[in-house]
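Visitor: I would like to go through this protein with you, one question at a time. Please show it first.
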Amino acid sequence: EIAKLPKETLALWEKYGGDETDDKEAFQKSFIRHVTTTLARSIYNIDNFSAYQATAHSVRDRLIKRWNETQQTHTEADSKRVYYLSLEFLLGRSLDNALLNLGLKDNCGEGVKELGFAMEDVLDQEVDAALGNGGLGRLAACYMDSLATLDYPAWGYGLRYTYGIFQQRLKDGYQVEFPDYWLNFDNPWELPRLDVVVDVKFYGSVNRYTDEKGRKRYAWEGIDTVQSVAYDVPIPGYGTKNCINIRLWSSKPKRQFDLSRFNEGQYEQAVQEQMQAENITAVLYPNDNHMVGKELRLKQQYFWVAASLFDIVRRFKKSQRPWSHFPDQVAIQLNDTHPSLAIVELQRILVDLEGVDWDDAWEIVTRTFAFTNHTILPEAMERWPVPMVQYLLPRHMQIIFDINLFFLQKVEKAFPDNRDLLARLSIIEESTPQFVRMAHLAVVGSHRVNGVAELHSELIKKTIFKDFIQYYGNDSKFENKTNGITPRRWLHQANPKLSELITDTLGNKNWLKNLDLLKGLKSYVDNKDFRKRWVAAKHSNKVRLTEYIKKTTGIIVNSNALFDVQVKRIHEYKRQFMNILGVIHRYNTLKKMTSEERADVVHRVVIFGGKAAPGYYIAKLVIKLINSVAEVVNNDNSIEDSLKVAFIPDYNVSVAEIIIPASDISQHISTAGTEASGTSNMKFVLNGGLILGTVDGANIEIHEEIGDDNIFMFGNLAHQVDDLRHAHRYRNVPMDPSLQAVINDIESGQFGDSRIFAPLINTLTLGQDYYLISDDFQSYLDAQKLVDEAYKDKEGWITKSILCSANMGKFSSDRAIQEYAERIWNIEPVPVVTKKHI
Ligand code: 9GP
């Protein structure tokens with residue numbers, strides 16, 4: 001094609017194209033050009049925010065260049081791609097990440113400085129892209145970083161919510177929610193593809209007909225069409241030209257305005273269709289690990305899945321290969337059950353639209369999909385009422401029934417007459433109304449199913465997927481892929497001082513691409529200078545957090561105290577409640593001490609952060625209790641600063657980047673067997689923070705890697721949980737005395753009107769205690785004592801801190817992605833070699 005162009009045209013492209021080089025002067029030129037043209041401002045009216053925008057646009061230009069080269073390379077290579085379908089991508093801020101991954105930070109920093117701005121202030125202007133709730137969405141973001149860094153041909157598909165996760169503010173100690181207007185100003189990190197539009201249909205009916213070959217066929221006539229518009233988000237790898245894409249879909253009406261209605265004077269009705277269409281991608285559902293059965297959520301899921309598959313199929317069809325090659329070109333990973341309808345949609349495309357026979361189509365489908373399960377909590381299991389699916393997606397419901405029928409026929413053959421087994425394995429739950437079990441659909445439609453940490457992957461085989469193991473056999477499609485985190489964001493970017501020390505010590509930055517190299521730090525564990533710099537880095541991070549706490553809460557804390565952190569979504573299973581009950585125990589113990597006794601005590605700052613789902617009453621009460629306790633403790637001079645409590649509002653990715661590097665100890669204290677993996681545990685330990693944890697999720701593997709001496713584990717084990725719950729329900733279990741004392745303190749009104757907290761206390765006392773706080777409380781307090789003792793030994797603590805980081809190689813998301821690529825997706829890296837701009 002290019003060869004056909006006139007020589008003069010080519011010469012012009014050669015001369016003027018791609019002059020966005022990475023040196024300081026070129027950057028400054030871009031900056032000024034963007035201030036004057038993109039922002040239409042001048043030297044006289046640029047503030048920090050305009051400086052951020054101009055910097056971001058200058059970086060965006062360079063990203064786009066790499067993005068184009070990457071897409072061109074991958075198209076030419078025509079190799080197998082992986083598509084990561086995730087309803088959440090919790091990206092956080094992009095500027096610093098892009099600067100570091102592209103290696104532009106120094107040149108840009110200097111360039112910006114000479115133009116009169118401090119890079120730190122510029123970076124601070126960016127709002128988070130908060131299109132996720134917690135661990136699941138952040139995992140997707142880390143995985144995209146690794147896919148890009150490892151040169152894999154990969155795309156992410158998600159939704160471009162107009163409002164991301166709500167902003168959390170505190171009023172009288174209660175959480176209040178505010179909308180997240182993240183798109184109010186221009187978003188330089190997306191490329192609107194207004195020409196990439198897919199029509200997505202809903203509702204309607206199904207017609208049966210006989211095709212020219214005499215086969216019975218079905219055609220779905222949807223009656224409501226909504227358009228899906230693509231917005232591309234470039235994701236640059238670290239130290240590579242590879243820059244992959246996350247395509248986020250935004251909904252828009254097919255018809256902007258119903259003119260006939262308008263002419264009839266019905267203005268509201270005239271724009272109704274537009275509003276309904278735009279609603280689909282308006283908000284991210286703010287629930288973590290909890291299913292909400294709203295029709296709009298189901299609509300979101302289908303809207304996203306239909307547009308994504310249309311796009312994937314369109315790309316495949318360009319290659320003109322036969323359909324049987326589809327799984328050799330395309331791997332689709334289902335991030336949780338949210339995209340499970342994709343299985344049905346691909347079967348529909350193949351059978352109804354492309355005329356592939358059912359069995360051949362099903363073979364293609366199951367070879368294409370793989371499914372990651374992230375939870376076994378019953379309240380998080382997605383089930384959709386059959387009547388709702390039938391109404392919204394009538395053809396899909398038929399296909400689900402058929403998939404189920406053919407699957408159960410096979411089960412019947414293997415286990416004749418085992419009706420209970422059939423009922424338990426069925427994709428349809430035979431209740432009134434019937435429900436579609438999305439996890440069963442995902443298992444049946446995928447060739448691989450994985451859990452996200454070793455314990456979790458074992459538990460899914462014993463609990464929610466037990467019957468599938470009976471049918472498929474133990475070693476068939478079930479695997480473990482322990483989660484990972486990107487060291488680029490979670491150490492290099494969030495903790496520049498420690499990152500610099502590691503690079504200086506190891507002699508190069510190779511550890512950023514091979515985290516196992518951190519092991520090299522072990523030989524410096526006794527080196528005085530190294531230890532000094534290690535402590536200095538931690539301390540400066542603690543000072544930074546101290547300032548942030550003061551700015552956001554007004555609470556003044558001492559940066560020399562032990563920083564004890566629990567930041568994550570507020571959930572009963574994560575047991576922030578146990579933490580604050582422990583704080584009350586500590587406070588009242590301190591109050592009983594004499595001044596001399598207290599002089600020997602380790603001073604602590606207990607830091608909380610996290611959002612509660614807006615409708616999660618008990619979780620919101622936990623926040624209130626934390627703030628009520630903080631109010632009393634922080635204002636009690638009698639304990640002489642030995643304890644402070646702070647709840648940092650609006651926990652998000654960029655706040656995590658400030659908190660995590662500053663922690664001495666962090667808490668990961670879920671009831672054993674409930675936290676599938678956890679990923680913040682990995683971030684804390686990587687940054688030289690110790691952890692206090694239960695024998696749950698990835699804590700177990702972190703323990704294995706860093707050794708007994710560097711972690712504080714406590715509590716009952718997963719296999720004991722059922723018996724303990726049974727005992728609470730049917731026997732009179734005496735209350736743990738230390739816990740009873742704390743309950744009495746709350747009920748005495750020590751932290752304000754105790755009636756407010758009655759529903760929370762009831763979760764412990766009314767023969768329930770589902771999350772087993774009373775069973776673990778004593779061993780939790782004992783573990784906390786060990787933490788205090790260990791912290792008194794300053795030198796010993798530094799050694800532990802260093803050994804923690806040094807042993808965290810396994811938890812790089814690069815390792816996780818490599819395992820997925822090799823074991824599940826069967827894809828190879830396709831490095832981008834720099835090309836000319838034409
Ligand atoms: O609760 C899990 C969390 O433990 C895990 O680290 C994360 C990523 O795998 O997924 C969370 N699960 C969900 O958010 C809902 O399935």
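Visitor: From which domains does the shell around the ligand draw at least three residues each?
Guide: This is a predicted model. The protein is divided into two parts, 78-93 + 128-483 and 490-811. The shell around the ligand takes at least three residues from each of them, that is, from domain 1 and domain 2.

Visitor: Which residues come nearest to the ligand?
Guide: The shell divides into 5 nonpolar, 10 polar and 3 charged residues. Of the 18 residues around the ligand, those that come nearest are Gly 135, Leu 136, His 374, Thr 375 and Ser 677.

Visitor: What distance separates the centres of domain 1 and domain 2?
Guide: The centres are taken over C-alpha atoms. On that basis, the separation between domain 1 and domain 2 is 35 Å.

Visitor: How many residues does each domain give to the contact, and which elements of domain 1 give two or more?
Guide: Domain 1 contributes 40 residues and domain 2 contributes 33. The domain 1 side divides into 14 nonpolar, 19 polar and 7 charged residues. The elements giving two or more residues to that side are β2 (89-92), α7 (135-149), β5 (167-171), β6 (174-178) and α18 (454-462).

Visitor: Which strands stand at the edges of the open sheet of 9 strands?
Guide: The order is β7-β10-β11-β4-β1-β12-β13-β17-β18, with mixed pairing. The twist from one strand to the next averages 25 degrees. Each edge strand has a single partner, so one side of it is left without a neighbour in the sheet; the two are β7 (191-202) and β18 (478-480).

Visitor: In which sense does β4 pair with β1 and with β11?
Guide: β1 (residues 81-85) and β4 (residues 154-159) share 4 parallel bridges, with Val 82 opposite Ala 154. Between β4 and β11 there are 5 bridges, and Gly 156 has Ile 246 of β11 as its bridge partner. The sense is parallel for β1 with β4, and for β4 with β11 it is also parallel.

Visitor: Which residue in the turn of the β10 and β11 hairpin has a positive phi?
Guide: The two strands run antiparallel and are joined by 11 bridges; Val 226 stands opposite Pro 253 in β11. The hairpin has 6 residues between its strands, and the one with a positive phi, about 60 degrees, is Gly 239.

Visitor: Why is β11 described as largely enclosed, and which helix lies across it?
Guide: Of the 11 residues of β11, 9 are buried, so the strand is largely enclosed by the rest of the structure. The helix across β10 (224-236) and β11 (243-253) runs at about 150 degrees to β11, and this helix is α9 (residues 267-279).

Key. Residues are numbered from 1 along each chain as its sequence is written. This is a predicted model: local features need pLDDT of at least 70, side-chain atom pairs count only at pLDDT 80 or more; totals for chains, interfaces and linings use all residues. Two strands pair if DSSP finds at least two bridges between them. Axes are lines fitted to C-alpha atoms, for helices over the stretch in contact, and angles run from 0 to 180 degrees between N-to-C directions. Two residues are in contact if their C-beta atoms, placed from the backbone, lie within 7 Å. A residue is near a molecule or strand if its C-beta atom, placed from the backbone, lies within 6 Å of it. Ala, Val, Leu, Ile, Met, Phe, Trp, Tyr, Cys and Pro count as nonpolar, Asp, Glu, Lys and Arg as charged, and the others, Gly among them, as polar. Domain bounds come from an automatic or database domain assignment. A residue is buried if 20 or more other C-beta atoms lie within 10 Å of its own, exposed if 12 or fewer, and partly exposed in between; C-beta atoms are placed from the backbone.
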